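I opened this model to take notes on its strands and helices. My entries follow.

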Amino acid sequence: MDPARKSEAEQQDFYCRALDAALAAERAAGCEVVPLTVAEVRIDLVFAGPRLVGDLLPGLRHLVSGGDTPAELVLHIWDGRSTGVRMPPPPCTRHDFTDRGDLWGFTSPRYRTAFHWVEYSVNCLDLATGVGVHWLQNADDLPFWSKASPLRTLLHWALERSGAQLLHAAAVGTADGAMLITGKGGVGKSSTALAALVRGMRYAGDDYVAVRLDPEPAVYSLYSTAKLNAGDVAHFPQLAPFVRHHPAADGEKAVLQLYPGLAPQIAPRMRLRTVVTPRVAPQVETRLHPADAMTLRRAGAFTTLSQLPYAGQRTQAFIESMIDRLPGFELVLGSDRDRVVAVIRDTVAKSDPDLHAMAGRARTARGTSTAPPLISVIIPVYNGARFLEEAVRNVLAQDYPCLEIIVVDDGSTDDVQDVAGRLPVDVRFFKQDNAGPSAARNRGIRDASGALLAFLDVDDLWPEGTLVSLAEALRADADLMVVRGHAQMLILDPVSGAFHPQGNPAESFPHYIGAGLYRREAFEAIGLFDVTLRFAEDTDWYTRIKESGLKVERLEQITLQVRRHGGNMTAQKTREELRATTLGAFRKALQRARQAGTAPGAPPGGADTA
């Protein structure tokens, strides 16, 4: 069973041990203090020894300040190899590490902790004192993108603490203000920003920037670097002298060091005028079209949420508020780069009323935006590529404004990953060896950004309005941990190929995971799905939450359509196998009851043998 949340004392203890190790490294190797001002926040970087200064400081050197004001944050930085000081082990296992960097069960409101596999780094921050730690096992293994955008996790937490937000976006402009260019990788952010840079415009960043909304929307430079796909470097010969990392393998990018060579154009701060999401089109001219708020939210939130540890509801609310307050557009990119830059110049030169009129919607009054809770929808897939697009379109058709979609491929042998890459919306895609639906759902839970979690098996569907009604029930009752409805069975007609309802939903199997909406805290409190149960994991989990006393409510409505077509996972098992796994769940409940000194009744609901 996966462990429940770590105690506050355990998280505090690990932070204190990590800080003690950082201070020991500084005593062993000496220290160098570098004062920065990042988005109006004074930060001191304290390097233990000289080893990491040359790797991490160049991308931040344009933010070095005089240090004449006290630092609001102090970040201690060291590597184990050069200092001889190791990072103490955290109170968890490798199983608790996530793709994004969060550690499952680390939910302290005060202490932040993240581990990044690729650079093998640990990051900790005490939000109360503003003292943080960044440790690398071996600086020689630091990947090029970490050198180009160093300390991203700690800067994300530090700036969020002061009301700013890191965003995965580019920003360029003039003295009139800036355009924020947001969207997933490969849509043209970097090439657009660098086209503006070489044509004399001001530049804040091409990958990550910081944004504040008060007292007025403003964008701040974070890194004085840029990244380009290998094939795009030739399009910017003016920038060739600034290339510091040349791609050595497929998928790598060239890294450009823009400071100090282009220092006059690197803007520490610009007034933020508009938000756009780019799209490359087979045309010469570049056009600006009004974009609806939903498109801009998804473009702005997807990669920011997927890359920054602890990003979630607060991040989503910030993006919602920014989209509400600023005019937004789709920037349809043509092949003439001069025209691209001309459109950007013309746009930021317009007055605020003109920009809002162009965008087709009025300015939202400051402070009136209320973002609904972010829902992470987790879709486990095993050889279900043919259903995936329909499942994702069904999620989008719920018309819920704040969604994160996570697809977990549980060792499929069909083309799930190819289908995922062609979906009409960005999804977070994870692939693992086949381990069963419990393991696939758990992978999604650990990496989810949302405060609320929903699960949709790839061959099932939600009736219209399901997410909205379930979310409203949770918002109305802060003590409610799970809200669920009933499932309607749909049987495939082999002649017509259509699915037809069968049976009474009120009498269907009561514990379908996909029929409910869950607070993240429910899983933190009682644990994840039992990976030893390939079937009846739903009965087991609902039994455990009943035993816990946490509040669960059922709505008298259909919230899931279960499609039976002969290829469902339960259809591949005999009744004897299903009975055995259900009995396994009951035995676990009996064992817990004996340990607690109580006696359970029969396993609720029985096996799902339909």
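**Strand pairings and a helix crossing**

I began at strand β3, where the bridge partner of Ile43 is Leu73. I note that the model is a predicted one.

**Entry: β2 and its neighbours**

I placed Ile43 in context next. The pairing of β2 with strand β3 (residues 73-79) is parallel and runs over five bridges. I then looked at strand β1 (residues 31-38), which runs antiparallel to β2 and is joined to it by eight bridges. Leu36 stands opposite Ile43 in β2. I found two residues between β1 and β2, which form a hairpin. In that turn Ala39 has a positive phi of about 50°.

How many residues of strand β2 (residues 41-48) are buried? I read eight of its eight. Side chains in a regular strand alternate between the two faces of the sheet. I sorted β2 that way. On one side I listed Val41, Ile43, Leu45 and Phe47. On the other I listed Arg42, Asp44, Val46 and Ala48. Both faces are covered, and all of these residues are buried, Arg42 and Asp44 included.

**Entry: β10**

I moved on to strand β10 (residues 208-212). Five of its five residues are buried, so the strand is largely enclosed by the rest of the structure.

Which strands pair with β10? Strand β7 (residues 165-174) does, in the antiparallel sense over four bridges. β10 and β11 form a hairpin, and I noted five residues between them.

**Entry: a three-strand sheet**

I traced an open sheet of three strands in the order β12-β14-β13, with antiparallel pairing. Its edge strands are β12 (225-229) and β13 (243-245), each pairing on one side only. The twist averages 40° from one strand to the next. I counted five bridges between β12 and strand β14 (residues 253-257), which pair in the antiparallel sense. Leu228 stands opposite Ala254 in β14.

**Entry: helices**

I looked up helix α5 (residues 152-161) for burial. Eight of its ten residues are buried, and the helix is mostly covered. Among the buried ones I noted Leu154, His156, Trp157 and Glu160. Gly163 follows α5 and has a positive phi, near 95°.

At what angle do the axes of helix α6 (residues 189-198) and helix α9 (residues 337-349) cross? I read roughly 85°, with the axes coming within 9 Å. The two helices are therefore roughly perpendicular to each other. From α6, the contact uses Ser191, Thr192, Ala195 and Ala196. From α9, I listed Arg337, Val340, Val341 and Ile344. I sorted the contact residues of α6 with α9 into five nonpolar, two polar and one charged.

**Entry: whole chain**

The protein has 17 helices and 25 strands. Of its 610 residues, 58% count as buried. The accessible surface comes to about 24,300 Å², and 51% of that belongs to carbon and sulfur atoms. I also looked at contacts with a separation of 6 or more: residues 24 or more positions apart account for 75% of them.

Technical notes:
Residues are numbered from 1 along each chain as its sequence is written. This is a predicted model: local features need pLDDT of at least 70, side-chain atom pairs count only at pLDDT 80 or more; totals for chains, interfaces and linings use all residues. Side-chain values use heavy atoms; hydrogens and water are left out. Axes are lines fitted to C-alpha atoms, for helices over the stretch in contact, and angles run from 0 to 180 degrees between N-to-C directions. Angles under 35 degrees count as roughly parallel, over 145 as roughly antiparallel, 65 to 115 as roughly perpendicular and the rest as oblique. Contact means heavy atoms within 4.5 Å. Ala, Val, Leu, Ile, Met, Phe, Trp, Tyr, Cys and Pro count as nonpolar, Asp, Glu, Lys and Arg as charged, and the others, Gly among them, as polar. Buried means under 20% relative accessible area, exposed over 50%, partly exposed in between (1.4 Å probe, protein chains only). Accessible areas come from the Shrake-Rupley method with a 1.4 Å probe; for residues, only the protein chains shown count as cover. Two strands pair if DSSP finds at least two bridges between them.
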